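Have a look at the structure first, then read on.

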Amino acid sequence: MAVDAARSEEGFTSARASRVMRAACRAAGLDDGGAELIRLGENALFRLASVPVVVRVARGEEWLPKARKEVAVSRWLIGEGFPATRAVEDLEQPLLVDGHPVTFWHLIVEGDRKATYEELGGILRDLHSMTVPAGLDLPAYEPFDKSALRLERAQIPADDKAFLLKRARELRDKFAELRFDSPKGPVHGDAHVQNLMVNDQGQVILIDFEYFCFDHPEWDLMVTAVEHHSLGWQTDEQYGGFVRAYGRDLYDWRGYETLRGLQEFGMTTWLMQNVQEDERTAAEYRRRIDGLRNDDAPRDWRPW
């Protein structure tokens with residue numbers, strides 16, 4: 001009980017994630033010397049210096065089913081010849097270390113360019129055309145499970161939390177009225193261009209299967225559509241390439257506004273988790289929640 005209380009008080013910080021990573025590496029027989037924190041978001045990602053491996057530390061034990069799913073999805077896609085990130089094969093994973101699921105992934109050696117939005121559209125088109133094997137049990141897309149956990153643990157002002165809880169209830173009502181035209185299939189669940197990497201051989205690789213699911217493909221189109229139409233993060237040419245490659249612009253769909261609300265809400269609560277890390281993160285969180293309080297105001301949010 002005392003350990004749980006201390007863990008809750010500390011929160012999921014880069015320092016805590018580093019301690020978990022080191023313990024996981026010892027358990028896996030890997031050298032953590034010189035390991036570098038790559039990213040702190042929904043998970044903490046560390047690049048090892050001793051071997052070409054990335055260690056992924058999740059926020060809590062409730063993420064264990066997602067960690068298991070990530071490994072299973074990666075192995076399925078690789079087996080089908082799909083360009084996907086590879087879980088380390090000779091390790092029993094995920095590990096559970098001090099209440100945190102930990103997984104190990106082959107390092108992707110990046111080339112000299114970033115993936116394009118046209119490539120994202122093509123990757124998603126190919127993914128959505130695949131058939132999920134009978135042995136791979138995938139959940140439905142859950143637009144609120146992430147935000148519920150985030151709000152439960154949020155270290156934000158009380159009026160912010162009250163506003164976000166109210167907004168969540170409003171979005172649930174709108175979600176209940178959504179009607180999809182497309183059949184269900186494999187869905188990445190967090191399909192933004194940063195979840196594509198281009199390796200040193202020029203191959204475009206899909207990463208991050210934490211929210212992989214079996215549902216309607218609109219959930220994957222939502223991310224880039226909102227980034228363009230609401231936030232202005234892509235040029236018309238970039239977004240046009242995405243639409244041409246995939247074959248559809250979600251903006252023309254009657255459910256777009258509901259998905260826009262869900263995406264912006266998710267983007268805000270995602271960043272909210274790390275407001276204690278530094279003032280730059282806290283300032284962007286304030287910018288985003290101010291935007292949510294005025295649906296009609298222009299969004300001056302910054303990519304993160």
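A word on angles before we start: axes are lines fitted to C-alpha atoms, for helices over the stretch in contact, and angles run from 0 to 180 degrees between N-to-C directions. Bear in mind that this is a predicted model.

- Helix α7 (residues 218-229) packs with helix α9 (residues 256-272) at an angle of about 80°, and their axes are 9 Å apart.
- Since angles of 65 to 115 degrees count as roughly perpendicular, α7 is therefore roughly perpendicular to α9.
- On the α7 side, the residues in this contact are E218, W219, M222, V223, A225, V226 and H229.
- Across from them, α9 brings Y256, L259, R260, L262, Q263 and E264.
- Sorted by class, the α7 contact with α9 comes to eight nonpolar, two polar and three charged residues.

**The sheet**

- Five strands make up an open sheet with antiparallel pairing, in the order β1-β2-β3-β5-β4.
- β1 (36-40) and β4 (95-97) are at the edges with a single partner strand each, so one side of each has no neighbour in the sheet.
- On average, neighbouring strands here are turned by 30° against each other, direction ignored.

- Strands β3 (residues 53-58) and β5 (residues 100-106) run antiparallel and are joined by five bridges.
- If you want a pair to look up, V54 has W105 in β5 as its bridge partner.
- Helix α3 (residues 64-79) packs on the sheet and touches β3 and β5.
- The direction of α3 makes about 20° with that of β5.

Technical notes:
Residues numbered from 1 in each chain as written. Predicted model: local features only at pLDDT ≥ 70, side-chain atom pairs only at ≥ 80, totals over all residues. Heavy atoms only, no water. Pairing = 2+ DSSP bridges. Helix = DSSP H or I, 4+ residues; strand = E, 2+ residues; numbered from the N terminus. Contact = heavy atoms within 4.5 Å. Parallel < 35°, antiparallel > 145°, perpendicular 65-115°, else oblique. Nonpolar A, V, L, I, M, F, W, Y, C, P; charged D, E, K, R; others polar.
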